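Thanks for coming. I will go through one model this morning, starting with the overall numbers and then taking the local features in turn.

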Amino acid sequence: MKHRTLSLKPDYDKSAARYESFWERDGSERPPVCITFAREGFTPPKLREVHYNSEKERWLDVEY
């Protein structure tokens, strides 16, 4: 299987193979780990402030 290359992940093919092995339950030497981080200068969008009367109302707010 051909994989793309990523500028911040030069060993992407090796990582992709590890994930495939994990999901195929091939008993890889360790589980894959995914670490994410924001690019320099990135500002996440601001979410609207919402107040709820209960936890149920909060978690079931599909519009938010």
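**Surface and overall make-up**

The protein exposes about 6,900 Å², and 54% of that is supplied by carbon and sulfur atoms. Accessible areas here come from the Shrake-Rupley method with a 1.4 Å probe, and for residues only the protein chains shown count as cover.

Before the details, some conventions. This is a predicted model, so to speak of a local feature I need pLDDT of at least 70, and side-chain atom pairs count only at pLDDT 80 or more, while totals for chains, interfaces and linings use all residues. Residues are numbered from 1 along each chain as its sequence is written, and side-chain values use heavy atoms, with hydrogens and water left out.

Of the 64 residues of the protein, 9% count as buried. Buried means under 20% relative accessible area, exposed means over 50%, and partly exposed is in between, with a 1.4 Å probe and protein chains only. As for contacts (heavy atoms within 4.5 Å), take those between residues at least 6 apart in sequence: 3% of them join residues at least 24 apart.

The protein has 2 helices and 0 strands. Both terms refer to DSSP runs numbered from the N terminus: H or I with at least four residues for helices, E with at least two for strands.

**Helix α1 and what follows it**

Helix α1 covers residues 12-23, which is 12 residues, and its first and last C-alpha atoms are 17 Å apart, close to the 16 Å expected at 1.5 Å a residue. The expected span is 1.5 Å times one less than the number of residues. Which residues in α1 are buried? They are Ser15, Ala16, Arg18 and Ser21.

Just after α1 comes Arg25, with a positive phi of about 60°. That is a positive value in a residue other than glycine. Arg25 sits in the loop between α1 and α2, and at 78% relative accessibility it counts as exposed.

**Aromatics**

The structure holds 1 aromatic pair. The ring centres of Phe22 and Trp23 are 5.1 Å apart and the planes are at 80°, so the pair is edge-to-face. For the cut-offs, rings of Phe, Tyr and Trp (its six-membered ring) pair if their centres lie within 6.5 Å; planes under 30 degrees apart are stacked, over 60 edge-to-face, and the rest tilted.

Phe22 is partly exposed at 36% relative accessible area, whereas Trp23 is exposed at 65%. Together with Tyr19 they form a nonpolar patch on the surface, with about 350 Å² of accessible area. Tyr19 lies in helix α1 and is partly exposed at 31%. Patches take residues with over 30% relative accessible area and no salt bridge, joining like charges within 9 Å and nonpolar side chains (Val, Leu, Ile, Met, Phe, Trp, Tyr) within 5 Å.

**Salt bridges**

How many salt bridges does the structure hold? There are 2, where a salt bridge is a side-chain nitrogen of Lys or Arg within 4 Å of a carboxyl oxygen of Asp or Glu.

One joins the side chains of Lys9 and Asp11, at 3.0 Å from N to O. Lys9 is partly exposed at 31% relative accessibility, and Asp11 is partly exposed at 36%.

Another links Glu55 and Arg58, whose closest N and O atoms are 3.6 Å apart. Both residues lie in helix α2 (residues 55-59), 3 residues apart, about one turn of the helix. An α-helix has 3.6 residues a turn, so residues three or four places apart point the same way. Arg58 counts as partly exposed, at 42% relative accessibility.
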